[in-house]
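These are my notes on one protein chain. I went from the whole fold down to single residues.

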Amino acid sequence: MMDIREYLKEFAQQDCACGKSHAVEIPRLVVESGAIVKIPQFVGEFGAKKPFLLADAVTYEVAGRRVCEILAEAGIECEKYVFPVGVEPDEVAIDSATTHFDDTCDIVIGVGSGVINDIGKMLANAVGKPYFIVATAPSMDGYASATSSMSIGGLKVSLDSKRADLIIGDIDILKQAPSTMLVAGLGDMLAKYVSIAEWRIAREVTGEYYCERVADLIRGALCRCVDNVDGLLNREDDAVRSVFEGLVIGGVAMAFAGVSRPASGVEHYFSHVWDMRGLAYGTQVQLHGIQCAVATYIASGLYEKVLGLIPGRDKAIRYAENFDYPAWADMVRSLLGAGGDAMVSLEEKEQKYNVAKHLERLEVICAKWDKILKIIREEIPSQREIGAILDKIGAPKSIEEIGVDLDMPTTLCLTKDIRDKYVLSRLLWDIGVIDEIV
Ligand SMILES: [Zn+2]
Ligand SMILES: [Zn+2]
């Protein structure tokens, strides 16, 4: 079994043809059965004496209590704060975590997955202590990231927090995760087919920075997940390990690249749109990775349609000239509330709908169309293949199955406005077919 951390460290040290230095701090990483028994040793190695443990009522039962016992057996006193079930990563949660933090503690240990890790990183950053995360599910790729996904004032934002100093993936714990969380983890990995393709397409269209080695790192991690997918629902060690390690690699790859490109593309924006809708109107949302699974399936179908297109220059120019900006702004605001306001402000700065800017991109797209199609063929499996992988793990494939409140055409249209990032929906808008492709 390859040691992922050594592999990533070596990667970081080598010179790279992309011109960027990838010399980032790689978090310590322990992925093995029974890893949590080593926590007292790690606490000692960080020179800490009194951990502060953060969990929710579920993750405390899954692993938090055991961590406290292991620390106690080693003679290490430990304070804790356990959130109720369903805690959200918002100002209130950060407030209660910092209020309950015991000043005499010298290290923060989060026990959980997405939400607890986001709060734990914020807390450790605020109190200036080292941070360990004991992962309870291989469900999302935030374990190795240095930011926290938070809901602040009705907006989903990514705040700088800190990278975990130690990530503990105890296979015995991870493989007990609910199957929806295993499915979510795989969904967040499958998303990378689209993100890598879009990263390459963006390099062609907008001249964006791209690193082939980082892309390859992701391709390798994704390939191991797909190769092992048959064992995932049976909770086989290798399958669970490859998803967990893949998600960690996804997080580190974003740090290597300095952008989210290696791990997130239009499929993540589908998920963001549904999350924003949920924040604004209280409509149903699902785990990030479950939404990514559905969105990856949808995106693979759309990319298949792109393969049959030839952009028409005149049609695209007419489409951009006739674009109704005020109607667009009204629609975004009414569908997404505060999140929509932020998107309209972003466009005011970015001006992607500016006709002259559109024309520049269109010339490049027309000139490089064959190259764009080649990238899609090389990177994105057919929708049938993606569907077959999702079927193996019983994952949903449609918006109806996950009960989110926006249909596909509307969601696709909104994805182009989330960030200043060139994704599928922007390409479709640029060639004037976004309304008719769905
Ligand atoms: Zn590079
Ligand atoms: Zn993700």
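Entry 1, domains. Domain bounds here come from an automatic or database domain assignment. That assignment gives domain 1 as 4-177 and domain 2 as 181-209 + 259-430. I noted that the model is predicted, that local features need pLDDT of at least 70 and side-chain atom pairs pLDDT 80 or more, and that totals for chains, interfaces and linings use all residues. Residues are numbered from 1 along each chain as its sequence is written, and chains are lettered from A and ligands numbered from 1 in the order in which they are written.

I looked up the distance between the C-alpha centres of domain 1 and domain 2, and found 31 Å. The contact between them takes 13 residues from domain 1 and 18 residues from domain 2; two residues are in contact if their C-beta atoms, placed from the backbone, lie within 7 Å. On the side of domain 1 that touches domain 2, I read 5 nonpolar, 6 polar and 2 charged residues. In this scheme Ala, Val, Leu, Ile, Met, Phe, Trp, Tyr, Cys and Pro count as nonpolar, Asp, Glu, Lys and Arg as charged, and the others, Gly among them, as polar.

I checked the radius of gyration, taken over C-alpha atoms, against the globule rule of 2.2 Å times the number of residues to the power 0.38. A compact globule of 438 residues would come near 22 Å, and the protein has 22 Å, so the two agree. Along the principal axes, the C-alpha atoms fill a box of roughly 75 × 45 × 40 Å.

Of the 438 residues, 50% are buried. Buried stands for 20 or more other C-beta atoms within 10 Å of the residue's own, exposed for 12 or fewer, and partly exposed for anything in between, with C-beta atoms placed from the backbone. Among contacts with a separation of 6 or more, 78% are between residues 24 or more positions apart.

I listed 19 helices and 8 strands in the protein. These are DSSP runs numbered from the N terminus, helices being H or I of at least four residues and strands E of at least two.

Strand β2 (residues 51-56) runs parallel to strand β3 (residues 79-83), joined by 5 bridges. β2 also runs parallel to strand β4 (residues 107-112), with 4 bridges. Strands pair if DSSP finds at least two bridges between them. On the β4 side, Pro51 has Ile107 as its bridge partner.

From β2 the chain passes through helix α3 (residues 57-73) to β3, a right-handed β-α-β crossover. Right-handed is the term if, with the strands pointing away from the viewer, the path from the first strand over the helix to the second runs clockwise.

Which residues lie on each face of β2, and are they buried or exposed? Pro51, Leu53 and Ala55 are on one side and Phe52, Leu54 and Asp56 on the other, and all are buried.

Val30 is found in strand β1 (residues 28-32). Val30 counts as partly exposed because 17 other C-beta atoms lie within 10 Å. Beyond four places in sequence, Val30 touches Ala35, Lys38, Ile168 and Gly169.

Ile173 sits in helix α6 (residues 171-174) and is buried, with 24 C-beta neighbours inside 10 Å. Leaving aside neighbours within four places in sequence, I found Ile173 in contact with Ile36, Val62, Ala63 and Thr136. Ala137 is 36 residues from Ile173 in sequence, with 7.6 Å from C-alpha to C-alpha.

In α18 (residues 408-415), I found Thr411, Leu412, Cys413, Leu414 and Thr415 buried. The buried residues of α18 pack against α10 (266-281), α13 and α19 (424-430).

Most residues other than glycine have a negative phi. I looked up two with a positive value. Arg235, in the loop between α8 (212-227) and α9 (237-257), has phi near 60°. Arg235 is partly exposed, with 15 C-beta neighbours inside 10 Å. Gln351, in the loop between α13 (325-350) and α14 (355-367), also has phi near 60°. With 11 C-beta neighbours inside 10 Å, Gln351 is exposed.
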